[in-house]
Structure formats: C-alpha cells, structure tokens
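Look at the structure below before reading on. The notes that follow are grouped by topic.

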Amino acid sequence: MVPTTYNLVPTAYYLILAAMLFSIGIAAFLIKRNVITIFISIELMLNAVNLTFVAFAHMWHQVSGQIFVFFVMVVAAAEAAVGLAIILSIFRTRETLNVDEIDLMKS
Amino acid sequence: MNLPASFIAPLPETVLIVTGVLVMLIEAVLKPATSRKPLGWLAIAGTTIAGLISAYQLRLGTLTAFSGSIQVDAFSIFFHLLIGAVVVATLLGSLDYFDGHASHAGEYFALVLFGASGMMLMTCSVDLLMVFIGLEISSISTYILAGFRKGEGTAVEASIKYFLLGSFATAFFLYGIALAYGATGSTGIAAIAAGLGASATPRMAFLALAMMLVGLGFKVSAAPFHLWTPDVYQGAPAPVVGLMSTAPKAAAFAVLLRITFCGFPLMQQRWSMLLWGLAALSMTIGNLGALKQTDVKRMLAYSSIAHAGYLLAAFTAFPQAGISAACFYTAAYAAMNVGAFAVVTQVGGYKETLRSFEDYQGLAMRRPVLAALLAFFLLSLIGIPFTGGFFGKFYVFAAVLQAGHVWLAVIGLINSGVACFYYLRLLSSIYTRPGETASATTPAPAPAISVPAGIGLTLTAAATLLLGILPGHVLHLANSASSSLRATYAIAAPSASPGNSPPSLPSSDNSR
C-alpha cells in the first residue's frame with residue numbers, strides 16, 4: 001500500500017519544508033503590522049499548501065493533487081484581486097496601512 | 001425529458017449565477033440616477049426559482065454530478081431551502097436600503113446571488129475540492145459585501161478585517177485538506193472515510209481534521225476563532241450582517257456535519273471531545289462578551305458566537321439526533337437572527353445613526369410595530385417557549401443529554417440564563433420612556449416601513465413563530481436530512497471498518 005518514491009529526495013523533506021513555510025506564514029501574519037505584508041504572508045501559507053499537495057501527489061502517484069494546486073492558484077488570484085481592492089479603499093479612507101491604526105471599533 | 005444529472009443537480013446554483021450575471025449586465029446599462037429596485041426584484045425572483053427547483057429535487061432522490069463531487073440529497077436540499085429563504089428575506093429587507101445613498105446597489109444584489117450560489121455549492125459537495133471552491137465563492141462575495149458602504153471608515157475596516165482573517169482561516173482549511181489527501185490519497189469525503197481505516201498515518205489524519213476544524217471554526221465564529229466577529233458585524237451594513245451571520249454559517253455547519261460524520265466517523269470519539277470544548281468555550285465567551293456591550297450590533301455579534309456554541313454542542317450527540325437537532329437549530333437561528341437584523345436595518349437606516357442601547361430607548365413609543373417585532377426576536381434568541389429558539393435549544397440539549405454529556409448541557413443551560421440578562425436589558429430599554437436629555441433630541445418622525453421590508457419582516461417573524469408552535473414540518477425535514485447524511489455515512493463506514501455497523505455507535509463515546 002505504501003507507494004515507493006523514485007526520487008532521491010524523500011517526500012518527507014518536502015513536507016517539512018512546506019510545514020516550515022506555513023509556520024513562517026502564520027508567524028508573519030501575527031507579527032507584521034503592514035496590511036500588505038500580512039497579505040503576503042497569507043499567500044505564503046497558500047503556497048506552502050500547494051507544495052504539500054504536490055509532494056503528496058508525487059507520493060500517491062496521482063494527478064488529482066496537482067489539479068488541486070491549479071484550483072488553489074486560481075482562487076488565490078481571485079482573492080488577491082478582491083483583497084488589493086479592499087486595501088486600496090482602506091488607504092483612501094484612512095491614509096494608513098498600519099493595522100494598529102485601523103482601530104475605529106474598539107469596545 | 002431526460003436531462004443528465006450533471007445538469008439537474010447543480011441547477012439551483014446555475015439559476016442563481018445566471019440571475020447574478022443578468023443583474024450585473026442590466027446594471028451596466030442603467031443610468032446612475034435610476035432606482036436599482038427592479039434589479040432587487042429580479043434577484044428575489046431568481047432566488048425563489050432556485051429554491052423551488054431545490055424543493056422539486058427532493059422528489060428525484062439522490063443525484064450525483066461532476067464525477068461524484070456533488071451530491072444532492074435531502075440533507076443538502078434542507079440547507080439549500082434554508083439559504084434561499086435567508087437570501088430572499090435579506091433582499092426584501094434591503095430593497096430600499098440603498099435608495100439615495102449608493103449608485104452601486106446593483107452590485108450588491110449580484111454579489112448576494114453569487115455568494116448564495118457558493119453557499120449552496122458548499123452544502124451539496126462531497127469532495128473537499130468542491131467544498132473549497134464553494135467556500136471561496138461565498139467568502140469572497142461576503143468580503144466585498146461587508147465593506148459595501150464605501151465612504152464609511154468602519155465599513156472598510158470591517159471589510160479588511162474580515163478579508164484578512166477569512167483568508168487566514170482558508171489557508172488552515174486548505175492545509176487540512178492537503179493533509180487529509182496525504183493520509184488517505186483522496187479528497188472525496190466518502191473516500192477519506194474508507195481510506196482512514198487503511199491509513200498508515202492516523203495522526204496526520206487527525207491533524208488534518210483539526211486544521212479543517214480551525215478553518216471552519218473561523219467561518220462559524222466559534223470561540224477561540226471569534227475575534228473578527230464583533231468588529232465585522234459592527235462595521236458591515238445591517239442587512240449584510242443579517243445574511244452573513246446566518247447563511248454562510250449554515251453552509252459551514254453543513255460542511256462540518258458532512259466532514260465529521262461522513263468523512264471521519266472512525267475518529268468520532270476524538271473530534272466530539274474537541275467540539276465539546278469548542279462548544280463550551282463559544283457559549284461562555286459569547287455570552288460573557290455580550291454582557292458589557294452597548295452597541296446593539298456588537299451585542300448581536302457576541303450572541304451569534306454563543307449560538308454557534310449551542311449549535312456545536314449538537315455535534316457531540318449521537319449522529320441521528322445530533323444532526324437533525326443541528327439542522328433544526330440552524331433553521332430556527334436563521335429565522336430569528338435575520339429578523340433581528342432586519343429590524344436593526346429599519347431602525348438604523350443607511351448611515352446607522354441609531355446603534356447603541358440608548359438610541360433604542362423608547363423605540364416602542366416611536367415605532368411600536370418594529371419594537372414589538374424586535375422584542376419577539378429577542379425572546380426567541382433567549383429561547384422562550386412558543387418561539388423557534390426554544391425548540392432549537394430544546395432539541396439540541398435533549399440530544400446532548402441523550403448522549404450522556406450532562407456537563408455540556410449544564411454549561412449550556414447556565415449560559416442561557418446569562419444570555420437572558422443582556423437580551424432583557426435591550427428589551428427593557430426598548431420599552432422604557434426616554435429621559436429628558438434624550439427627548440430633547442428626539443429625531444424627526446421615522447419613515448414608515450416600506451412594503452417589501454414589511455413582507456420580509458413578516459416572513460421572518462412568521463417563520464420564527466411557526467418553528468415555535470408547529471415545529472413538526474421542519475423537524476421532519478431535518479430528520480430526513482439527518483437520515484440521508486447517515487445513509488452516506490453507512491456506505492462509507494462498512495468499507496472502513498467491517499463489523500462496526502453504523503447504528504451501534506462506539507458506546508465508549510458517552511463514558512465521560
């Protein structure tokens with residue numbers, strides 16, 4: 001049942017790299033204060049997921065995992081379009097991109 | 001007429017999308033000064049047709065389409081009808097909302113339709129790829145809708161917060177899918193269930209489930225992941241909040257039910273423990289947070305967190321009772337919450353100048369009908385008998401007790417008591433005569449409720465009342481939804497663990 005890999009680099013290495021990238025994305029999302037940097041860190045997380053999918057697709061010898069990556073890329077592009085539009089409109093109304101200053105609603 | 005299932009199964013979604021595209025096309029040729037109301041009526045008509053098609057699909061039995069990634073059964077149809085009803089009620093309530101304020105109201109109707117199609121797609125997909133696409137269609141539409149009052153600082157802020165945290169959650173959900181794919185070699189929910197039994201890496205599978213729970217927890221605003229909720233609900237337009245606090249949540253709960261009960265039935269003991277914690281935390285944090293709020297929309301935001309907690313409690317029950325209780329609760333919650341936000345829409349208007357508890361003081365004298373309706377919805381949110389909220393809570397906690405989770409039921413009932421306090425605080429301020437300071441600045445006589453908004457309010461109030469006095473019909477639908485979901489589970493489970501027939505649940509589940 002366990003598929004064999006015909007590669008010098010084991011699948012686990014890719015998975016560990018992806019997990020590291022994902023963690024870096026989470027950390028950057030939580031630490032960074034600029035909206036655009038935060039947005040980039042989300043993209044990093046999504047691409048870590050893509051790497052995971054490709055690694056698993058290789059492991060299972062299936063194409064479906066790679067197809068999933070295409071869908072993720074398309075959706076990420078759509079999300080980027082909307083996200084950048086929202087970022088633009090926040091810059092227009094507030095003239096700042098620092099999340100600490102975007103705080104009109106504090107209870 | 002012999003139409004292929006790939007055409008009939010996603011027909012409601014298709015109708016919604018076609019109507020949405022039509023709305024956008026017509027909007028493009030309208031003069032800026034023209035009223036956008038006809039577009040709203042077109043959207044309502046499209047949604048109604050989609051709902052009727054869904055209701056008709058109930059007779060066709062289970063339909064599968066797109067190489068088994070979409071499955072239309074009683075479960076998905078229940079949620080289709082629910083989402084359709086919520087969208088119609090929201091659209092009716094917001095037909096006049098944008099008049100004279102926004103020339104881009106046509107986009108609003110189109111986005112609501114697109115969002116609804118995504119939510120419907122979520123409820124009927126049995127492949128995680130489709131779930132993901134539906135989730136994103138609905139999320140991206142609601143990100144834009146949240147910031148629809150473009151000029152308002154708070155609205156844009158709500159939009160960006162919703163967008164950033166929503167995408168963050170999506171990344172978790174996706175990572176969960178990737179790990180599930182790695183553990184079982186498939187993204188189909190039934191195939192995952194089958195693969196779990198043979199999986200060499202059950203730990204990774206559980207991590208996958210946990211990641212997906214984090215992602216969906218954000219979407220339903222369950223407790224540790226609820227931080228965006230108050231801000232987004234406060235800044236977003238009131239009709240949009242009415243929509244996004246119910247329809248996408250219903251869809252996310254449907255996905256959660258499918259993933260947990262159909263995809264990971266073998267790990268029920270473990271995930272029901274996780275959800276036990278999430279439910280208890282959501283109820284407590286939601287209700288305690290609502291206590292100190294002075295803004296009505298913020299208060300309702302915390303109350304929606306608490307209600308997500310009550311709903312999550314249903315997941316810890318036995319499948320048949322738990323799923324049908326969760327379905328019923330979603331319907332009851334949708335009716336009363338959409339109603340409450342429709343009243344908030346009418347009271348606040350586009351600028352939302354009246355928003356705090358003080359502004360609501362003496363509402364009963366100024367606008368008696370609206371005040372009475374709001375009072376009714378608040379009583380339903382508390383869970384007073386003869387309202388939908390009562391039976392919703394009753395079925396959930398009955399199911400929870402049946403499964404032996406006494407402590408969760410106790411926590412839930414204590415929380416219901418706490419919830420009384422802040423709902424009644426708003427209620428009493430509605431029916432208090434404003435003091436001298438307030439009466440000095442009494443605003444001009446309020447505009448009358450328009451006909452469509454009146455229809456919308458009547459519909460939600462009637463639904464809340466009906467669920468409270470004659471819950472039989474909806475309960476029957478919820479039960480058949482639950483059975484059809486369990487039928488999928490029955491197909492999935494034996495191949496995963498022969499000898500463990502679905503009706504005999506792991507009995508160790510209730511040894512808490």
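Why does Met299(B) count as buried? Met299(B) has 24 C-beta neighbours inside 10 Å, and therefore counts as buried. A residue is buried if 20 or more other C-beta atoms lie within 10 Å of its own, exposed if 12 or fewer, and partly exposed in between, with C-beta atoms placed from the backbone. This is a predicted model, in which local features need pLDDT of at least 70 and side-chain atom pairs count only at pLDDT 80 or more, while totals for chains, interfaces and linings use all residues. Residues are numbered from 1 along each chain as its sequence is written, and chains are lettered from A and ligands numbered from 1 in the order in which they are written.

**Surroundings of Met299(B)**

- Met299(B) sits in helix α14 (residues 296-313) of chain B; helices (H or I, at least four residues) and strands (E, at least two) are DSSP runs, numbered from the N terminus.
- Apart from neighbours within four places in sequence, Met299(B) is in contact with Ala290(B), Gln293(B), Tyr422(B) and Leu426(B), where contact means that the C-beta atoms of two residues, placed from the backbone, lie within 7 Å.
- Between Met299(B) and Ser356(B) there are 9.6 Å in space, C-alpha to C-alpha, although they are 57 residues apart in sequence.

- Among the buried residues of α8(B) are Ile189(B), Ile192(B) and Leu196(B).
- The buried residues of α9(B) include Leu209(B), Met212(B), Phe218(B) and Lys219(B).
- Those buried residues pack against α7, α8 (189-198), α12 (247-263) and α13 (268-291) of chain B.
- After α9(B) comes Ser221(B), which has a positive phi, near 50°.

**Helix α4 of chain B and its partners**

- The axes of α4(B) and α12(B) cross at roughly 170° and come within 9 Å; axes are lines fitted to C-alpha atoms, for helices over the stretch in contact, and angles run from 0 to 180 degrees between N-to-C directions.
- α4(B) and α12(B) are therefore roughly antiparallel to each other; angles under 35 degrees count as roughly parallel, over 145 as roughly antiparallel, 65 to 115 as roughly perpendicular and the rest as oblique.
- On the α4(B) side, the contact includes Phe79(B) and Leu82(B), and on the α12(B) side Ala247(B) and Ala250(B).
- By class, the contact of α4(B) with α12(B) has nine nonpolar, no polar and no charged residues; Ala, Val, Leu, Ile, Met, Phe, Trp, Tyr, Cys and Pro count as nonpolar, Asp, Glu, Lys and Arg as charged, and the others, Gly among them, as polar.
- Helix α4 (residues 74-94) of chain B also meets helix α21 (residues 451-469) of chain B, with axes that come within 7 Å and cross at roughly 145°.
- That contact of α4(B) with α21(B) has six nonpolar, three polar and no charged residues.

**Where the chains touch**

- Chain B gives 34 residues to the contact and chain A gives 35.
- On the side of chain B that touches chain A, α7(B) gives the most, with 16 residues.
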